[in-house]
Amino acid sequence: MTSPTPFTGLLAYPITPLGPDGLPDLGTLTRLVQDAVRAGVDGVTVLASSGAGTSFSPEERAAVVATAVRAARESGPGPSGRRVPVHVAVAAPATTEVVRNAAAAQAGGADGLVLAPFAYVPLVDAEVVTLFEAVAAETDLPVCFYNRPAQSGYDVTPEVLNHLARTARLRGLKDPAGRTGVGARLDAVRAAVGDEPFAVGLSGDLAMTEGAFTTLPSSDAWHTGVAALVPDEYVVVRRAHVERRPLDAVVERSWLLALSRELGRLRPVAGLHALAGLLDVPAGSPRGPVLATPPEQTAALRAVLARRPATAPALPGPGKPGPADTGTGPGTAR
């Protein structure tokens with residue numbers, strides 16, 4: 001990274017809680033964002049894959065964005081001493097939808113965009129470049145490239161990242177931490193973008209926590225949905241990784257690794273909703289067609305939570321507001 005970008009540090013990706021009516025539960029979302037910010041995360045991204053962003057209407061997306069922006073601003077400064085940025089994932093199957101989502105995110109006060117290019121057939125470089133440049137033509141926000149080769153069939157090259165950094169305000173990369181040769185990959189991206197302000201980031205909770213003190217290379221950012229539900233432990237592990245502390249000095253790492261392993265045995269979005277429920281966060285079931293995790297599949301997750309480090313904050317019970325949940329104002333509407 002040659003200069004700071006909004007896509008730096010520990011970036012938490014909250015789920016989008018749903019109420020009994022199936023609509024976004026904005027009060028619970030406020031709590032998730034505020035708890036993450038107060039725990040010390042460096043940024044928040046809503047409506048990505050963890051937040052099931054492609055399943056929501058424009059009106060629902062606008063409410064989620066406004067709630068997250070307000071919650072972050074009301075939570076005070078982050079670790080940098082400045083307001084914690086809120087990013088919005090804007091992926092959609094059609095360019096017109098992506099551009100619409102991006103423009104709405106900017107209008108809602110977002111600090112940046114996260115874009116995973118995808119379509120019903122794998123895209124090629126020229127199509128990806130055209131998509132990102134279309135977004136840049138309609139907004140002024142910095143963009144992070146969410147690279148999901150296993151899901152999209154497209155793996156962005158360092159050369160394309162370099163081009164987009166110069167033409168489309170691309171300021172970050174979210175790349176799989178578990179890919180083969182991840183260290184060489186990060187080096188190649190850094191060499192390609194050169195002097196452009198750019199944050200090379202990683203995602204994948206299991207790979208990040210498993211290799212945090214052994215094989216995982218240094219990066220400018222970690223992107224994670226789990227950090228939005230257990231931010232205190234994740235903040236400790238990320239800082240210890242950056243500072244290269246000894247493995248045995250960080251008790252939170254072994255617990256977070258066990259948690260990530262159990263979540264890896266569950267379906268991604270449904271597993272996070274199940275974790276939220278076990279933490280007494282009223283997140284509801286994920287939006288269909290994704291089905292909720294059956295209770296009989298959460299026994300191992302419950303066992304891990306029972307071993308949560310003693311330094312973790314006390315969790316409020318159901319119906320009891322936590323320190324970040326005021327239960328007042330427009331953020332509580334559904």
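Which residues of H12 are buried? In this predicted model, they are Leu301, Val304 and Leu305. These three residues lie on the same side of H12, because the arc they cover around the axis is only 100°. In general, an α-helix has 3.6 residues a turn, so residues three or four places apart point the same way. The face turned away from the buried side of H12 carries Ala299 and Ala306, which are exposed.

Against what do the buried residues of H12 pack? Their partners are helix H10, residues 251-264, and H11.

Let me take the second of these partners further. H11 spans residues 268-278 and H12 spans residues 299-306; the two pack at an angle of about 50°, and their axes are 11 Å apart. That angle makes H11 oblique to H12. The crossing of H11 past H12 is right-handed. On the H11 side, the contact involves Gly271, Leu275 and Leu278, which meet Leu301, Arg302 and Leu305 of H12.

I turn now to the loop. Thr54 sits between strand E2, residues 43-46, and helix H2, residues 58-74. Is Thr54 buried or exposed? Thr54 is exposed, because its relative accessible area is 56%, and the cut-off for that term is over 50%. Leaving aside residues up to four places away in sequence, Thr54 touches Ala91 and Phe118. Pro93 is 39 residues from Thr54 in sequence, yet their C-alpha atoms are 9.0 Å apart in space.

Note on methods: Residues numbered from 1 in each chain as written. Predicted model: local features only at pLDDT ≥ 70, side-chain atom pairs only at ≥ 80, totals over all residues. Heavy atoms only, no water. Axes fitted to C-alpha atoms, helices over the stretch in contact; angles between N-to-C directions. Helix = DSSP H or I, 4+ residues; strand = E, 2+ residues; numbered from the N terminus. Parallel < 35°, antiparallel > 145°, perpendicular 65-115°, else oblique. Left-handed = near helix turned anticlockwise from the far one by under 90°. Contact = heavy atoms within 4.5 Å. Buried < 20%, exposed > 50% of the residue type's maximum accessible area, 1.4 Å probe, protein only. Arc of directions from axis to C-beta.
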